[in-house]
Amino acid sequence: MSTTVDFTELSAKHTGEANKSRLRARYWAEVRLKAYGIAAIGVAAFALVLLLSTIVGKTAGVIYEKYITLEATVEVSDRDRERLADENPRMRANLRGVVQDAVAAAIPGEIGRRESRQASSIVSGDAGLFLGDQVKADNSIIGQTIEFDALLDDNMQLYLKGIVGRPEEIKSTGPLSVTAPDEDGIVTATFDPSDIGPIFEAVREQRADDAERARAEQRRQQNAVDVTEERLLEAETDEERAQIQTRLDNFIAARDRAEANADELFRLATVIGEDVSYTLSESDPSLLMRAGPGWLKLTEVERGRATGTIYLPLSDGDAASADFAEGEWQAYIMERPESTRLQTDRQVVWMENFEDRGLIKEVLNTRILTQSDSASAELAGIWGAVVGSFWTMIVTFLLAFPLGVMASIYLEEFAPKNRVTDLIEVNINNLAAVPSIVFGLLGLAIFVSGVPVNIFGTEFTIGGFLPRSSPLAGGAVLALMTLPTIIIAGRASIRAVPPSIRDAALGLGASKLQTATHHVLPLAMPGILTGSIIGMAQALGETAPLLLVGMNSFIQEPPADPLSPGNVLPTLIYQWNSNSERLFDDKTAAAISILLIFLVLMNALAVLLRKRFERRW
Amino acid sequence: MTDTTNTQAESAEQQNGSGDINSAAAIAANKTPATSGEVKIHCVDVDVFYGETQAIKKVSIDIEDKAVTAFIGPSGCGKSTFLRCLNRMNDTIDICRVTGQIVLDGGDIYDTDVDPVQLRARVGMVFQKPNPFPKSIYENVSYGPKIHGLASSKAELDSIVEQSLKRAALWDEVKDRLDSPGTGLSGGQQQRLCIARAVATAPEVLLMDEPCSALDPIATAQVEELIDELRQSYSVVIVTHSMQQAARVSQKTAFFHLGLMLEYDDTGKIFTAPSHEKTQQYITGRFG
């Protein structure tokens, strides 16, 4: 039953007090909603900025690469001479020996056998090959003394970029006197007792940490002792008691050992830099001293006195004792212990020396664009993956685009509307939402491995006709994945062509096919292309299905054709990212940047197409 | 003609015919029915169904050659549907079914051996909204002759395009910009382009589905003038909502109501002395 409503009364409600508060609540709700929106956009923008700045920041680390300028006499073996004279560019000579000699020559003073290994690992493993290429280009320099640039090893490049930290200067005011080295190159340095105090501070902290850890071990053992003592009280038989007693004795011994160790470490921590001498270990920060042209590494320190090894000669002349006035020497600390980094102290000292002498050169890194994958981080580039991506995209486009266009034209213009076409439509839309890795599995089974079938005892394999790791297989898999996107985009843009155009063509006596190919398709094409480009961009960034068809192989040469093994940019990024060498981190970021540039370009092209050919009816 | 109708016509002209219902009668009354009497399309008991719904019920009509036949009637009466039967445009609608006989020059156009595509080349159509292809003016007009192989050379195609545009009274306006897009023309020009395009396929019958409803009065006048000229060579069938227009351009008029064709006669007779009560009510504006 409805009651009678007085509409005059209802109208009065528009001006009442209740209305005012309702209005306020509405305004407030609007303000709140706006704030939520702005906050959401803010969070998204922040995430984007964070992402881009991380990538760009890391990419910046590989924009330049470091070379060392070396001088050497190019002496080659007969075998190398032959290779150098060969016309075939694939016959390369590795003049590793020349480069190693050059590095050794660049380091002041004598270097021993052990040091020569460290010396030769300063330059990239392929530095000899590059020199070989240089000589091959100009055979006349054989036998001559030339100056050449050798690419530095990735660890050295990272060091020069300061990734592992550089030696920090420590206040040093007084004079320094160094004794003549003994036969092992060991010297004793004496200096003002107030100097290099902060060094001791750092070492002391390190030791205190160790002592703290030892103390924790002692507490753990004490715990075990307590628990075992309780068990001993609860034990019922003598046999049991004896067993527990043995365990207890062991724990007590362990506790005492831990306690003594902790006490010793604490004692050491307090006496470092005092009158007692302290031997620095590999896990202590490294203490270095630069005096005149040379460098010392300190091995044992006490107040006002230190023992060290000469890493670079302190004077140009014969080894003898030397005195340095204030300002002529400087102490340094490398916070990161030698054992936790890939650059030895010797290499650190050499790099500092090279840089002081201006031998280090920074060159724009084109290698990352022009070279293919390599096991050495400093040599690796993306070119092979770019070529692989190119072939893959070509295959994807050639397979998915015609199929997609034909499917969408058929479904929109010719197919009868019935249950079957409805089912097909639903399934196509669902396919677009299928996880890409499923397409990868499908592609692996059908294109690469083949499906074994056994019918009435006859065994044969269906599929399996594409070579593993090939851009053809990868492209076919990505085509499967892209097809629904293209069909959906194609159907949408075909549907957007107004029926009046079809009427006009049909009214003129054009057949359905003529109407579709002469009028509908050309008008829908920009939309189809836009959708296809977006689908292709998606495929370009796809990793998972390609991992399954083996496109994550380590391939050092760009694929010459779609049938040769290759990898693509995303799988290269995946591989590099899982590589432990630190420089690969930066190279990964660079590869991501390049992939992003490609994607942005493709999307820009799609937007441009849409804007350029957009038609309003 | 009787004196009374003459007086009516004069008074209608004094009122300038704007919106006055009587003006349609006045215009019609002033016309001389100049029909050849030759039947071009002979329709017998045509029924059209959209699924279960019957849109056209038992329509029989003889459409004459070299004359303009107008279909009038209130919205939804089936006049457009019937028009689209004449060139089998209804075939493109899946659920549409046509029964009965439509005979063009002695052949049933719904015979199984008749190709609708070929039929549409003989029975051209102009639509309500100007729908030029988004291509050049030249391509718009030359498309039909091209797909039907009407021209054997470029020169011949050129002259077909030129003559079609001249017939559509558009040549002088566009002859210098045949390569510019057809969609860039004004509404009236676009509709004349569509007419030129239909004419270019050399049809025998021209169907026009409210060709002026999207045009302003000046463009309407131009198109009407054109229709009158086209009558010399074609059988023109026009669907219109404007009774004045029907009266102005047509020789024969058919009145449709709720899927039935209630009356079909000389235009002058329909507008001055309709025999059916509904026709009378419609043309005097009592409904519709």
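This note goes through selected features of chains A and B in a predicted model.

1. **Helix α14 of chain A.** This helix covers residues 436-449, which is 14 residues.

2. After the helix comes A:G450, with a positive phi near 85 degrees.

3. **The α12/α15 pair in chain A.** Helix packing is described by an angle between axes and a distance between axes. Helix α12 (residues 383-414) and α15(A) pack at about 35 degrees, with axes 6 Å apart. Their crossing is right-handed. By class, the contact has 19 nonpolar, nine polar and four charged residues.

4. **Chain B overall.** Chain B has twelve helices and ten strands. It has 288 residues, and 49% of them count as buried. Take the contacts in chain B with a separation of 6 or more: 70% of them join residues 24 or more positions apart.

5. **Where chain B meets chain A.** Here 21 residues of chain B are in contact with 15 residues of chain A. On the chain B side, the elements giving two or more residues are α4 (116-122), β6 (123-126), α5 (137-147) and α8 (187-200). The largest share, four residues, comes from α4(B). By class, this side of chain B has ten nonpolar, seven polar and four charged residues.

6. **Helix α5 of chain B.** This helix gives residues to the side that touches chain A. It also has buried residues: B:I137, B:N140, B:V141, B:S142, B:Y143, B:G144 and B:P145. They pack against α6 (154-167), α7 (171-174) and α8 of chain B. Just after α5(B), B:G149 takes a positive phi of about 65 degrees.

7. **B:W171.** This tryptophan is in helix α7 of chain B, one of the helices that the buried residues of α5(B) pack against. Is B:W171 buried or partly exposed? It has 17 other C-beta atoms within 10 Å, and being buried takes 20 or more, so B:W171 is partly exposed. Leaving aside neighbours within four places in sequence, B:W171 is in contact with B:E162, B:L165 and B:K166. The C-alpha atoms of B:W171 and B:A196 are separated by 9.5 Å, and these residues are 25 apart along the chain.

8. **Positive phi at B:R88.** B:R88 is not a glycine, yet its phi is positive, about 55 degrees. The residue lies in the loop between α3 (79-85) and β4 (96-104) of chain B. B:R88 is buried, because 21 other C-beta atoms lie within 10 Å and the cut-off is 20 or more.

9. **Positive phi at B:L258.** B:L258 is not a glycine either, and has a positive phi of about 50 degrees. Its loop runs between β9 (252-257) and β10 (260-266) of chain B. With 13 other C-beta atoms within 10 Å, B:L258 is partly exposed. An exposed residue would have 12 or fewer.

Note on methods
Residues are numbered from 1 along each chain as its sequence is written. Chains are lettered from A and ligands numbered from 1 in the order in which they are written. This is a predicted model: local features need pLDDT of at least 70, side-chain atom pairs count only at pLDDT 80 or more; totals for chains, interfaces and linings use all residues. The expected span of a helix is 1.5 Å times one less than its number of residues. Two residues are in contact if their C-beta atoms, placed from the backbone, lie within 7 Å. Ala, Val, Leu, Ile, Met, Phe, Trp, Tyr, Cys and Pro count as nonpolar, Asp, Glu, Lys and Arg as charged, and the others, Gly among them, as polar. Axes are lines fitted to C-alpha atoms, for helices over the stretch in contact, and angles run from 0 to 180 degrees between N-to-C directions. A crossing is left-handed if the near helix is turned anticlockwise from the far one by less than a right angle, and right-handed if clockwise.
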